[in-house]
Amino acid sequence: MSKKFQLKNGLKVLLLESHKSPVISVQMWVKTGSADEKKGEEGISHFIEHLVFKGTRKYKVGEIASIVEASGGELNAYTSFDQTVFYVTISKQFSDVGLDVISEMMGFPTFDAQEIDNEREVVIEEIKRGQDSLSRAGSQLMFSTVFKGHPYSVPVIGYEKNIRKFSAKKIADFFHARYVPRNMFLVISGDFESTEMKKKIAKYFGDFTDFKVRKVIRPKALKTKKTQIKIQKSNFEQTVAYLAWPAPSVKHQDVPALEVLSIILGQGDSSRLVNALRLEKPLTNSIGAYAFTPQDQGVLAISMGLNSINLEASLEKIKEQIVDIVTTPPSAMEMQKAITNLASEQIYSLECVDGIARKAGTLEFYMGDHEYFKKYLKQVYALKPEDVSRVAKKYFIADGLNLCVLSKENEKQNQKIAQDFCKSLKSALKSAKKEKSPANKFKAQKLSFKAGSREVTEIEEIALAPGVTLLLKEQRETPTVSVRAGFLGGLRAEPMNVEGLTELFSRTWTGGSKKYGESELNAKIDEMAASLGAFSGRNSVGISMDYLSTYEERMYELFDDTLSAPLFDKSVIEREQHIVENQIKSRNDNPSQLAILQFMKTIFDGHPYAKDMMGTVESIKTIKSDDIRDYYRKVVNCQNLTLSVVGDFNRDHWIKNLSQLVKKLPKGQKFNGEFKLDPINQEHYLFQESKKEQSHVVVGMRGLTIDSKERHTLEVLQSILSGQGGRLFIELRDKNSLAYSVAPMRMEGLGTGYFGAYIGCSPEKVKKAISMLKSEFKKLTDQRVPESELLRAQRYIVGRHDIDLQRKSAIGNSILFDRIYGLNPREGLDVAEKYFSVTAEDLQALAQKLFNQHFIVSVVGPQNPF
């Protein structure tokens, strides 16, 4: 049920009742983004997004986050080109807290000069983090080329020089000119009664001052009638390339056909580009296509990550696919697959209150109608294959192409490759457009589903066969199902001399089975808007599947054959070996990951946990088909199998069919690995050079095991340190402006684990960051946590837990892994009492046990701090 109304001050309100979970989402959508900034203001909207958290008429620095987290809620915000959104997700019993803090942030921020100066450094650290990101650097190159002359060409985060000079007056003036009731709307979704909620909204938002909105006229992007080629030198290992064409805004009639075109070309493993450039031959590490259709002109783009030596061959394959879609309408199967995936978005978005509010907010912002998706679906269902070819011909224009390449090598060669490709594409398209597309009969089948119910059952545990446990939990509020099949194993079952085997095993498990080849399997999964994939970790491997209830029988057939009869085809293995090798070589593009790997290698020296999941370039090359099949036989057996099924499923169907499935599996034996781990007798200070803007730091020590009686105490301890109201955020970020990203980290394993913290900061701040992290750990050993702070941490972790468990996949994972690791499957669901029973004395005792150990300090960055 939805209601829309407007307060006297002009603030529009949208209420969306959903009673599936006792949670609500409060979102304020501001109709201003980075594209509404004038020259010299670039970055001010994003800066304001940070600053409204830093104090209001009612709350001081850190208090907003603390009160939300003390009520078990989450809060955050984001800024985009077109809008800025502030949101709180919280238990319905604390709805007043969510309303109050959003009201204070959006109506009464103080913009204190000292806090502005403190936050400048945080935003500058965020800018540096973006400069170290390959994906951000690549997309910025593309946007600056396609949208030249338009604000979309400018990064949302702005420029460091602007952040350093914005005054308190400038910030306040901009805020009162754009963040005003008539330029905002409030969206609230979740478990509430609209009549009562309307009264609360009037109380918290009715006294907003109705300032005059500063009108903004955005400049238009410069039109060009010739191909734009941008080749830029980078220090990243991997090359990224974008082929981008101007596209219309969100309200244009071509948008539905462009969305279908993008899905057919480059979304999902059965899409044309993924199949041709990733699966048939591994020319790229990743490739995709999308239509970005915002408030103003958009872009139709193909993006890929690859080894630079494959650029020419990859562009040639892309040309073939473009010409083909321009000349030949897509098949009926491709059309139906794309349409089903677009229609399924509405169903999947209903799983959590955030998704409901976000989708409604997006439609309200762009279309002025939060229920516009119904009209959009009518347009999608009416599409014919010829419509897709028509928009392909209309937008894939050689003279409209923007070809952007970011690479560390072969700059001149890449320039020539790009120029030759553009000439070749122009010639091919000129010939193609003379051809007439043949007629292609097609009528879309509408995705139908029954209305959900609030029926929820307890976990049912069934022994299907000796060693085989099936966990069932019915939840019928949405017509979706989440399935997991898990086996003990993972890195712990991997031979020490075959590093990377577990990773390669999971990548090839779904690469074809006895009944279904890889291409057929991918096509069937995609056409049902489902997912079916393998997972692997340090302790386990398995198969995961998520689907719409209407496709249950068809999806089960794929699940059964993939689990019981995988082929591990040699060509699939060799292809994935090539991709893994490329990804290992590109590791320097992710220095934070290198810091963690360096930490793990030292803290777990001699243990399987010390190994890199990906292996090494040398070890990956040595893995054979027989190694993967041996690993499969070692872990995939009845004595080692646990399954979970959560959602709107047919109970009898699953029990009957799984009873037959387990008969196909060998009896085998449960995997039980025992590993020796030597004590750490001294502190270790590790450094690896990375020529990036930021340094990445991990400070940690040995932690607890999965079955430790102190596990819940440890989680509360982590909660003391985490969140925007936690000690690390307040001390290292809010007060000292050391970083944008700082957080505790932990892993409980089988037999061992770790606890610590991560921070990404400028190299000159590393020594202080390490010192402060150690200092925060020491405080926990020396002083008991105050009761008020303990309560905040307990409520925060319980609230986060409830919010996370809105998703069926989260419930399925929780009950599966608890059962696999020898715990009660309800262990991860019934947690409130366990967390609230933790005392300050428990926390101090555990802190002394952990933080009096020797530390491992791992740093990856441009300067050695030791």
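Analyst: What follows takes up the labels one by one, for a model that is predicted.

User: Why is Val122 called buried?

Analyst: Val122 has a relative accessible area of 0%, and because buried means under 20%, Val122 is classed as buried. The residue lies in helix 4 (residues 113-131), and, leaving aside residues up to four places away in sequence, Val122 touches His50, Arg733, Ser737, Ala739 and Tyr740. Of these contacts, Tyr740 is 618 residues from Val122 in sequence, while the C-alpha atoms of the two are 5.1 Å apart in space.

User: What makes the phi of Ser737 worth noting, and is Ser737 buried or exposed?

Analyst: Most residues other than glycine have a negative phi. Ser737, which is not glycine, has a positive phi near 55°, and its place is the loop between helix 26 (727-735) and strand 20 (741-748). Its relative accessible area is 5%, and since the cut-off for buried is under 20%, Ser737 counts as buried.

User: Why is Asn410 called partly exposed?

Analyst: Asn410 has a relative accessibility of 33%, and because partly exposed covers what lies between the limits of under 20% for buried and over 50% for exposed, the label for Asn410 is partly exposed. Asn410 lies in the loop between strand 11 and helix 16, and its phi, near 55°, is likewise positive in a residue other than glycine.

User: What makes strand 7 and strand 9 edge strands?

Analyst: Five strands form an open sheet of mixed pairing, in the order 7-11-8-10-9. Strand 7 (228-233) and strand 9 (286-292) each have a single partner strand, so one side of each has no neighbour in the sheet, and they stand at the edges. From one strand to the next, the twist averages 10°.

User: How do you know that strand 7 and strand 11 pair, and what packs on this sheet?

Analyst: Two strands count as paired if at least two bridges are found between them, and strand 7 is joined to strand 11 (residues 402-407) by six bridges, in the parallel sense. At one of these positions, Ile231 has Val405 in strand 11 as its bridge partner. Helix 5 (residues 134-146) packs on the sheet, where it touches strand 7, strand 8 (239-247), strand 9, strand 10 (298-306) and strand 11, and its direction makes about 150° with that of strand 11. Helix 16 (residues 411-432) also packs on the sheet, touching strand 7, strand 8 and strand 11, with its direction at about 160° to that of strand 7.

User: What makes strand 17 mostly covered, and which strands pair with strand 17?

Analyst: Seven of the seven residues of strand 17 (residues 641-647) are buried, and on that count the strand is described as mostly covered. Strand 13 (residues 468-474) pairs with strand 17 in the parallel sense over six bridges, with Thr469 bridged to Thr642. Strand 14 (residues 480-488) runs antiparallel to strand 17 and is joined to it by seven bridges, and here Val483 has Val645 as its partner.

User: Why is the pair of Tyr556 and Phe559 called tilted?

Analyst: The structure holds 37 aromatic pairs. For Tyr556 and Phe559 the centres are 6.2 Å apart and the planes make 45°; because a pair needs centres within 6.5 Å, and stacked means under 30 degrees and edge-to-face over 60, the two rings form a pair and that pair is tilted. Both residues lie in helix 19 (residues 552-564), three residues apart, about one turn of the helix, and both are buried.

User: How do you know that the charge of Arg57 sits over a ring?

Analyst: The charged end of Arg57 sits over the ring of Phe108, 3.5 Å from its centre, and the distance cut-off is within 6 Å, with a further condition on the ring normal. Lys198 lies over the face of Phe5, at 4.8 Å from the ring centre.

User: How do you know that Cys404 is in no disulfide?

Analyst: A search of the whole structure finds zero disulfides. For Cys404 the nearest cysteine sulfur, that of Cys422, is 10 Å away, and because a disulfide needs sulfur atoms within 2.5 Å, Cys404 is in none. Cys404 is also buried, at 1% relative accessible area, and Cys638 is buried at 8%.

Key
Residues numbered from 1 in each chain as written. Predicted model: local features only at pLDDT ≥ 70, side-chain atom pairs only at ≥ 80, totals over all residues. Heavy atoms only, no water. Buried < 20%, exposed > 50% of the residue type's maximum accessible area, 1.4 Å probe, protein only. Helix = DSSP H or I, 4+ residues; strand = E, 2+ residues; numbered from the N terminus. Contact = heavy atoms within 4.5 Å. Phe/Tyr/Trp six-rings, centres within 6.5 Å; stacked < 30°, edge-to-face > 60°. Lys NZ or Arg CZ within 6 Å of the ring centre and 35° of its normal. Axes fitted to C-alpha atoms, helices over the stretch in contact; angles between N-to-C directions.
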